[in-house]
Amino acid sequence: MSTENVSFSSTAWHRFRKDSLAMIGLGGVAMMFILALFVPFIANNRPFFMLANGEISFPFLRYLFAPDSSEIFIEQIFNYMLLFFIPATLIYFVLKKYTKTRNVLLIIFALALLFPFFLTQRRLDKTCWRDEVKKNHSFAVFAPIPYGPYESTAEHYAKPSSQHWFGADQTGRDVLVRMLYGARVSLAVGLFATLLALIIGTTIGMCVGYYRGRLDLFTMRVVEIIMCFPTFLLLLILMSMLKDKGFGQSILLVIMVLGFTGWIGLCRLVRGEVLKQRILPYIVSCEATGVPVSRIMLRHLLPNVSGPILISFTFGIAGAIVAESGLSFLGFGVQSPTASWGALLRQAFEDPLGYWHLTLCPGAALFITVCAFNFTGEGLRKIFDPKAVT
């Protein structure tokens, strides 16, 4: 079994590498994740290390564990992944031959790393550390871009310059910094919303495809009714209704709305694949020998329909990113001061040509990101498509 898995994975990777667009897309996706993870080390207004009056301090550490953000939960998830990634990679390669020891250490490290995030109290810090360093003639090491995502450091709508490469927004905040932190928002919404839609769509699709009958008939009629509504219009209606009910607009709300409305297409896809597999001899044999239904679905059906699910998941991330940007552009998505590409585009709405840097930079980032995920999804489709050229 392991030989077959190795053979398939090596063959799939070989076919994927032959597709230049797929490799470009994979590189773009990897770069997106790297920037989103390491953005606190790239752009941050707190010094990593500070020496003042003979005392050493690390103002940046508190920010890692208790970010000064309106979306603290999402920021903490990315910071946790950042702090976990490098040590976990070292443990994996150093103890590669000692599987049990390696796994135990990784679990212990993952659990221990949670404590600083729970124990560090959140505190609003309005200190301008750059001025403090100059005033006290202290020594400090800052990030390459020494600005925060909520810090006004330039004139309103300032054009690109040597200090602010992508210019400033309507309140004088650095656009490049806002875009880097906005990448976290786009990835969080794209991944978690699509994952939620995947879980719902796969579960419902497998159940109706396996049991068929009245359950299938009823579920498909409900799906068809929901499909009658334009997806984006349905999102706007739901977001406006929740806004009227007093729900604060946040990333988590956007994720839930996108997730609970994005499972329809995947449900139909999974149902169709399960219907094909349902009549094959290996499923009939499992039923004849009394294998539990849950085991049939999880151990036999799910692996054989995982290819289309993975492809749909990749394309779904791109769709969720576009949907989030569209909602933020219309004022129904992530709200200020949280950084968002759609919100940056919204600021240029009054004069797109005059504020061209707010149109070009976030628009280009959105275009490149969506193309990267689509190219990657297309490469995966060619791998799992039996008609693809080898």
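Predicted model: local features only at pLDDT ≥ 70, side-chain atom pairs only at ≥ 80, totals over all residues.

**Local geometry, rings and cores**

R212 lies in the loop between α8 and α9 (213-227).

Colleague: Where is Y157, and is it buried or exposed?

Modeller: Y157 is placed in the loop between β3 (139-141) and α8 (175-211). Its phi is near 55°, a positive value in a residue other than glycine. Its relative accessible area is 17%, and the cut-off for buried is under 20%, so Y157 is buried.

Colleague: How far apart are the end C-alpha atoms of helix α5, and what span should its residues give?

Modeller: Helix α5 covers residues 99-112, which is 14 residues. At 1.5 Å a residue, the helix should span 20 Å. The distance between its end C-alpha atoms agrees with this, at 20 Å.

Colleague: Which residues of α5 are buried, and within what arc do they fall?

Modeller: The buried residues of α5 are R102, L106 and A110. They line one face of the helix, because seen down the axis of α5 they fall within an arc of 65°.

Colleague: What covers the buried residues of α5, and which residues are exposed on the other side?

Modeller: The cover of the buried residues includes α4 (72-94) and α6 (114-119). On the other side of α5, the exposed residues are K100, I107 and L111.

Colleague: How many aromatic pairs are there, and of what kind is the pair of F65 and F117?

Modeller: The count comes to 14 aromatic pairs. For F65 and F117, the ring centres are 5.2 Å apart and the planes stand at 80°. Planes over 60 degrees apart count as edge-to-face, so the pair of F65 and F117 is edge-to-face.

Colleague: Which helices does the pair of F65 and F117 link?

Modeller: Both F65 and F117 are buried. They are 52 residues apart, and their pair links distant parts of the chain. F65 belongs to helix α3 (residues 59-65), and F117 to helix α6.

Colleague: Of what kind is the pair of F84 and F109?

Modeller: The ring centres of F84 and F109 are 5.6 Å apart, with the planes at 20°. Planes under 30 degrees apart count as stacked, so the pair of F84 and F109 is stacked.

Colleague: Which cluster do ring pairs form, and where do F84 and F109 lie?

Modeller: F84 is in helix α4 and F109 in helix α5, 25 residues apart, so that this pair too links distant parts of the chain. F84 is partly exposed at 24% relative accessibility, and F109 is partly exposed with a relative accessible area of 22%. Ring pairs link these two into a cluster whose members are F65, Y80, F84, F109 and F117.

Colleague: Which residue lies over the face of Y210, and at what distance from the ring centre?

Modeller: R278 is one of the buried residues of α12. The residue over the face of Y210 is R278, and its distance from the ring centre is 4.2 Å.

Colleague: How many residues has the largest nonpolar core, and which residues have the most contacts inside it?

Modeller: The largest nonpolar core has 56 residues. Helix α8 gives the most to this core, with eleven residues. The residues with the most contacts inside the core are L258 and L301.

Colleague: Which residues does L258 touch, leaving out those up to four places away in sequence?

Modeller: Contact here means heavy atoms within 4.5 Å. With residues up to four places away in sequence not counted, L258 touches V189, A193, L235, A320, A323, E324 and L327.

Colleague: Where is D68, is it buried or exposed, and which residues does it touch?

Modeller: D68 is found in the loop between α3 and α4. At 18% relative accessibility, D68 counts as buried. Not counting residues up to four places away in sequence, D68 touches R46, Y63, R122, L124, D125 and Y150.

How values were computed
Residues numbered from 1 in each chain as written. Heavy atoms only, no water. Helix = DSSP H or I, 4+ residues; strand = E, 2+ residues; numbered from the N terminus. Expected span 1.5 Å × (residues − 1). Buried < 20%, exposed > 50% of the residue type's maximum accessible area, 1.4 Å probe, protein only. Arc of directions from axis to C-beta. Phe/Tyr/Trp six-rings, centres within 6.5 Å; stacked < 30°, edge-to-face > 60°. Lys NZ or Arg CZ within 6 Å of the ring centre and 35° of its normal. Core = buried A, V, L, I, M, F, W, Y, C linked by side-chain atoms within 4.5 Å.
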